[in-house]
Amino acid sequence: MNRCRPLFVLDRWLERFRALGDATRVELLAALQGDELSVGELAEVVEAAQPGVSRHLQALSKAGLVVARRQGTTTYYRLSADEPVLAGPFGDELRTMARGRLGQRVERVLTRRRSRSESFFDAAEDWDTLRGELFTDAAGYSSLLPLVRRGLTVADVGTGTGGMLPFLAQVGARIVAIDLSAEMLRRARAKARTLGLDDVTFLRGDLGALPLESGSVDAAFSALVLHHAPRPLEALREMRRIVRPGGAVVVVDLMSHGHDWLRDEQADVWLGFGRDEALDLFAQAGLTDRRHQIVSRVDARDRKGGGAAPFELFVLSGRVEAAA
Ligand SMILES: C[S@@+](CC[C@H](N)C(=O)[O-])C[C@H]1O[C@@H](n2cnc3c(N)ncnc32)[C@H](O)[C@@H]1O
């Protein structure tokens with residue numbers, strides 16, 4: 001059996017040893033023990049001129065001892081993970097060096113990073129404006145979703161084309177999507193398939209007699225459906241019935257508006273719901289801990305004959321009282 005190592009393995013070791021044959025390079029490796037640092041920062045830490053430090057880092061990178069990462073015009077370096085040379089006794093030596101003088105200089109560099117940030121924010125009076133350009137409300141709410149415990153069973157009542165399924169899937173381990181229209185269900189099924197949502201059951205059913213056992217879901221959710229319900233209170237009572245004690249009912253719908261044309265063009269039965277009216281329906285349906293919030297508003301001036309009233313969307317939630 002040929003026990004010789006392939007030549008390229010030996011070449012790699014030679015490359016490493018060649019790269020290590022310089023005191024500044026050893027200091028650079030020690031400086032990088034805990035942090036990723038830029039060429040400029042490393043030059044300050046090892047007290048050497050930047051072009052020379054740059055060349056040393058390129059040699060270390062070629063030998064596979066450090067990894068470079070570009071951000072804009074700045075190149076940052078970090079130690080290679082799982083590099084055998086850096087793990088053994090030589091690595092211990094580097095860590096000892098990092099606890100001394102070099103480490104203090106690294107700390108100084110990091111303190112400067114921190115204080116740059118601190119003085120920027122101390123003076124950033126228009127931060128909310130800057131932030132708002134990127135951090136939309138949608139981004140804010142999406143960032144909250146991971147905080148919600150997953151694993152809920154949620155009924156999406158009047159799922160339509162399944163527009164809410166990707167959102168519900170963030171909190172629901174199991175979703176039951178219900179709709180009266182076979183065509184809407186077909187399209188919702190196709191959407192779920194495209195999005196790779198496996199745990200969705202599709203059921204044909206009516207708001208007035210939902211096809212689920214009492215107390216069988218953790219939450220009943222419904223978006224833009226209540227204004228189609230012949231009897232909204234009956235629909236809410238049904239949603240309450242299928243939710244287990246302690247669970248939630250959430251309805252998203254339009255605030256009252258004067259756009260009569262929606263009756264003909266989109267089969268709307270109700271022209272939205274006023275705040276008190278919606279809260280009262282929830283109360284009559286036996287839902288407690290009721291919370292109402294307007295979450296979006298669009299200008300409707302150019303829509304046919306509805307006057308200037310904007311379309312506003314509300315979210316109303318309530319709880320099914322937990323069993324005593
Ligand atoms: C405007 S779509 C909303 C769809 C979806 N929730 C969304 O957010 O995109 C209203 C849906 O309610 C369904 N719907 C209307 N009346 C219903 C009823 N009585 N029972 C069950 N679903 C109904 C319609 O078929 C339609 O899919």
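Which residue in S3 stands opposite leucine 37? That spot is taken by tyrosine 77. What you have here is a predicted model, where local features need pLDDT of at least 70, side-chain atom pairs count only at pLDDT 80 or more, and totals for chains, interfaces and linings use all residues. Residues are numbered from 1 along each chain as its sequence is written, and side-chain values use heavy atoms, with hydrogens and water left out.

**Overall build**

- The protein chain splits into domain 1 (7-123) and domain 2 (137-320), with bounds that come from an automatic or database domain assignment.
- Taken over C-alpha atoms, the centres of domain 1 and domain 2 sit 55 Å apart.
- Along its principal axes, the C-alpha trace spans about 85 × 65 × 45 Å.
- In the protein chain, 40% of the 324 residues count as buried (under 20% relative accessible area, 1.4 Å probe, protein chains only).
- You'll count 14 helices and 10 strands in the protein chain; these are DSSP runs, with helices being H or I of at least four residues and strands E of at least two, numbered from the N terminus.

**The 3-strand sheet**

- S1-S3-S2 is the order of an open sheet with antiparallel pairing (strands pair if DSSP finds at least two bridges between them).
- Its edges are strand S1 (37-38) and strand S2 (66-71), each pairing on one side only.
- S1 and strand S3 (residues 74-79) run antiparallel, joined by 2 bridges.

**The 7-strand sheet**

- Another open sheet has 7 strands, ordered S6-S5-S4-S7-S8-S10-S9, with mixed pairing.
- Strand S6 (200-204) and strand S9 (287-298) are the edge strands here, each with pairing on one side only.
- Ignoring direction, neighbouring strands of this sheet are turned by 15 degrees against each other on average (axes are lines fitted to C-alpha atoms, for helices over the stretch in contact, and angles run from 0 to 180 degrees between N-to-C directions).
- Strand S7 (residues 217-223) runs parallel to strand S8 (residues 243-254), with 6 bridges between them; valine 217 has valine 243 in S8 as its bridge partner.

**Helices on that sheet**

- Helix H12 (residues 232-242) packs on the sheet and touches strand S4 (152-157), S7, S8, S9 and strand S10 (311-320) (contact means heavy atoms within 4.5 Å).
- The direction of H12 makes about 145 degrees with that of S8.
- Helix H14 (residues 275-284) also packs there, touching S8, S9 and S10, and its direction makes about 150 degrees with that of S9.

Notes. Buried < 20%, exposed > 50% of the residue type's maximum accessible area, 1.4 Å probe, protein only.
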